[in-house]
Amino acid sequence: MLGELMTVPVQRDTARQHRARINRLDTMIVECPHCGANCPVDEKQFAGNPKLQAQCQQCHSNFIVKAPPKIPQPAAEQTLALAVLEGPGRGQVFRLSKTRMVLGRSGADIVLYDPEVSRKHCAIEVHGSTATLIDLGTTNGTFVSDKSIQRYELEHLSRFRIGATTLLFTVTDNRVAESEPPATLVVRPRRG
């Protein structure tokens, strides 16, 4: 029921985390507004409610936590993907099923078995038929045209390299043309 509050005890998290950061395990880290303790909150506890009441395990104060925004999905009329052109995973194709996906060696949305790739190496944020490639502060870097980048706007058929892996960003239109047949190339031998 909208507007109803749930009371959820939250435990102190000893690791320094950012305010209301969301990790892969559907857990938000929320900072207690009274004592500053970092408190993990399972997103499933919202159960459709826009907010819930939490209690800090360190200072025992109650506070309101707002539900995180829903992560939008890419448009259904297009398929965005990454194809591995060179490296240990050559030939693999990964569909970009969320608007933000992390690439890395482990604990990432797209796992690349390349020892030169960091655990969480780079992220791709999808914006319609383009995407932004973001290096996540790696030692080995993220490269486009052999130049190290921090951010780069990817378009259809853009290539980039992380570690020993070269990837190709592709956009495929899923809509079927209703009035026009697909283009056909006809090759005829020369006469004469």
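1. The E11/E12 hairpin. Strands E11 and E12 form a hairpin with two residues between them. Glycine 128 sits in that turn and has a positive phi of about 70 degrees. Strands here (E, at least two residues) and helices (H or I, at least four) are DSSP runs, numbered from the N terminus. Two strands count as paired if DSSP finds at least two bridges between them. E11 and strand E12 (residues 130-135) run antiparallel and are joined by six bridges. Histidine 127 has threonine 130 in E12 as its bridge partner.

2. Basis of the model. This is a predicted model, in which local features need pLDDT of at least 70 and side-chain atom pairs count only at pLDDT 80 or more, while totals for chains, interfaces and linings use all residues. Residues are numbered from 1 along each chain as its sequence is written, and side-chain values use heavy atoms, with hydrogens and water left out.

3. Contacts of E9. Strand E9 (residues 100-104) pairs with strand E11 (residues 122-127) over four bridges, in the antiparallel sense. E9 and E10 run parallel and are joined by two bridges. There, glycine 104 stands opposite valine 111 in E10.

4. The six-stranded sheet. A further open sheet has the order E8-E7-E17-E16-E13-E14, with antiparallel pairing. Its edge strands are strand E8 (93-95) and strand E14 (147-149), each pairing on one side only. The twist averages 35 degrees from one strand to the next. Axes are lines fitted to C-alpha atoms, and angles run from 0 to 180 degrees between N-to-C directions.

5. Arginine 161. Five bridges join strand E16 (residues 158-162) to strand E17 (residues 165-173), antiparallel. Arginine 161 stands opposite threonine 166 in E17. Arginine 161 also lies over the face of phenylalanine 143, at 4.4 Å from the ring centre. The rule asks for NZ of Lys or CZ of Arg within 6 Å of the ring centre and within 35 degrees of the ring normal.

6. The cavity. How many cavities of 30 Å³ or more are there? The count comes to one. A cavity is a set of points on a 1 Å grid, over the protein atoms alone, where a 1.4 Å probe fits but cannot get out; lining residues have an atom within 4 Å of a point. The largest cavity has a volume of about 30 Å³, a volume being the space filled by probe spheres set on the points. Pro88, Gly89, Gln92, Leu112, Tyr113, Asp114 and Thr165 line the largest cavity.

Notes. On a 1 Å grid over the protein atoms alone, a cavity is a set of points where a 1.4 Å probe fits but cannot get out, and a pocket is an open set with protein on both sides within 12 Å along at least five of seven lines; lining residues have an atom within 4 Å of a point.
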